[in-house]
Amino acid sequence: MLTIRVAEPHYVLRIEESEVDHFEFSDIDEEATIQAPDPDLVLDLDKSARRACRAA
């Protein structure tokens, strides 16, 4: 289920899959600073999947 702001401009305010699985948007009109994560903390899923296949 999507909850959408009625007033223009329209924004998605909430995405709900179930009572426990949901995502809420806030501070819609605020500026945000986005930074890339530390490369040491990023998991390369392709490499992990290849290792798991070789180990099996």
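Here are a few questions and answers about this predicted model.

Local features need pLDDT of at least 70 and side-chain atom pairs count only at pLDDT 80 or more, while totals for chains, interfaces and linings use all residues. Residues are numbered from 1 along each chain as its sequence is written, and side-chain values use heavy atoms, leaving out hydrogens and water.

Reader: What order do the three strands of the open sheet have?
Author: Strands here are DSSP E runs of at least two residues, numbered from the N terminus, and two of them pair if DSSP finds at least two bridges between them. S1 (2–4) and S3 (22–24) are the edge strands, each pairing on one side only. The pairing is antiparallel, and the order is S1-S2-S3.

Reader: Is Val12 buried, partly exposed or exposed?
Author: Val12 lies in strand S2. Buried means under 20% relative accessible area, exposed over 50%, and partly exposed in between, with a 1.4 Å probe and protein chains only. Val12 has 32% relative accessibility, so the label is partly exposed.

Reader: Which residue does a cis peptide bond join to Glu8?
Author: Most peptide bonds are trans. This cis one has an omega of about -10 degrees.

Reader: What is the phi of Asp27 near?
Author: Most residues other than glycine have a negative phi. Asp27, found in the loop between S3 and helix H1 (45–55), has a positive value, near 50 degrees.

Conventions
Helices (H or I, at least four residues) and strands (E, at least two) are DSSP runs, numbered from the N terminus.
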